[in-house]
Amino acid sequence: MILFRIGLILSIHRCDNNRVGKKTDVQISKSDVSLTIKEGTLTKTNVTLIVNNNSDKKIQYGDFFEIEIKKHGEWHKIDSYITQWFNLYAVILDAGESREIVQEYDKLKRGKYRIIKDMEYIYENGKHESFNVAIEFTIK
């Protein structure tokens, strides 16, 4: 695993208060890269995810994630945001590697959610291919 820091500080927005927004059209890839939840870590404010790179390529991803709520069988963005500051960086995982990451979010109410992370395959010729992976979970 390689951690590559770009050294920028940006403002992102995270969900707050679980207000249901627009229906989303984020495409989740069926790939050999997956997210799982580390047993016993899911709370209303954070979760430890395990990124599993079961592919034969390097992948990279950053700190940013999206969280959505399922209403009436469809995924929706969550409105109402707060600002969080973070260092922009890329984590590179070699083929076959796994890594734990803690994702913190504002307190979630009861419901079915998913966390979406943008990833990229890194090819030997320097090209990149973006894809999304997601993990669904329920807050009771």
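**Exercise 1. What is the order of the strands in the open sheet of 3 strands, and is the pairing parallel or antiparallel?**

Solution. The model is predicted.
- Step 1: read the order, which is E2-E3-E7.
- Step 2: assign the sense; the pairing is antiparallel.
- Step 3: find the edges. Strands E2 (33-37) and E7 (98-104) each pair on one side only, which makes them the edge strands.
- Step 4: From one strand to the next, it averages 30°.
- Step 5: check one pair in detail. E2 meets strand E3 (residues 46-53) over 5 bridges, in the antiparallel sense. Within this pair, Ile37 stands opposite Leu49 in E3.

**Exercise 2. Which strands pair with E8, and over how many bridges?**

Solution. Take the partners in turn.
- Step 1: strand E4 (residues 58-61) pairs with E8 over 4 bridges, antiparallel. Here Ile59 stands opposite Tyr121 of E8.
- Step 2: strand E5 (residues 66-71) is also joined to E8 by 4 bridges, again antiparallel. Glu66 has Ile116 of E8 as its bridge partner.
- Step 3: strand E9 (residues 128-139) runs antiparallel to E8, with 12 bridges between them.
- Step 4: follow Ile116 across. Its bridge partner in E9 is Ala134.
- Step 5: Strands of a sheet pair through backbone hydrogen bonds.

**Exercise 3. Why is strand E8 described as largely enclosed by the rest of the structure?**

Solution. 
- Step 1: set the cut-off. A residue is buried when its relative accessible area is under 20%.
- Step 2: apply it to E8 (residues 111-122). Of its 12 residues, 10 are buried.
- Step 3: conclude. Because 10 of the 12 are buried, E8 is largely enclosed by the rest of the structure.

**Exercise 4. Which residue in the hairpin of E8 and E9 takes a positive phi?**

Solution. 
- Step 1: locate the turn. The hairpin has 5 residues between the strands.
- Step 2: Gly126 takes a positive phi near 90°.

Conventions
Residues are numbered from 1 along each chain as its sequence is written. This is a predicted model: local features need pLDDT of at least 70, side-chain atom pairs count only at pLDDT 80 or more; totals for chains, interfaces and linings use all residues. Side-chain values use heavy atoms; hydrogens and water are left out. Buried means under 20% relative accessible area, exposed over 50%, partly exposed in between (1.4 Å probe, protein chains only). Helices (H or I, at least four residues) and strands (E, at least two) are DSSP runs, numbered from the N terminus. Two strands pair if DSSP finds at least two bridges between them. Axes are lines fitted to C-alpha atoms, for helices over the stretch in contact, and angles run from 0 to 180 degrees between N-to-C directions.
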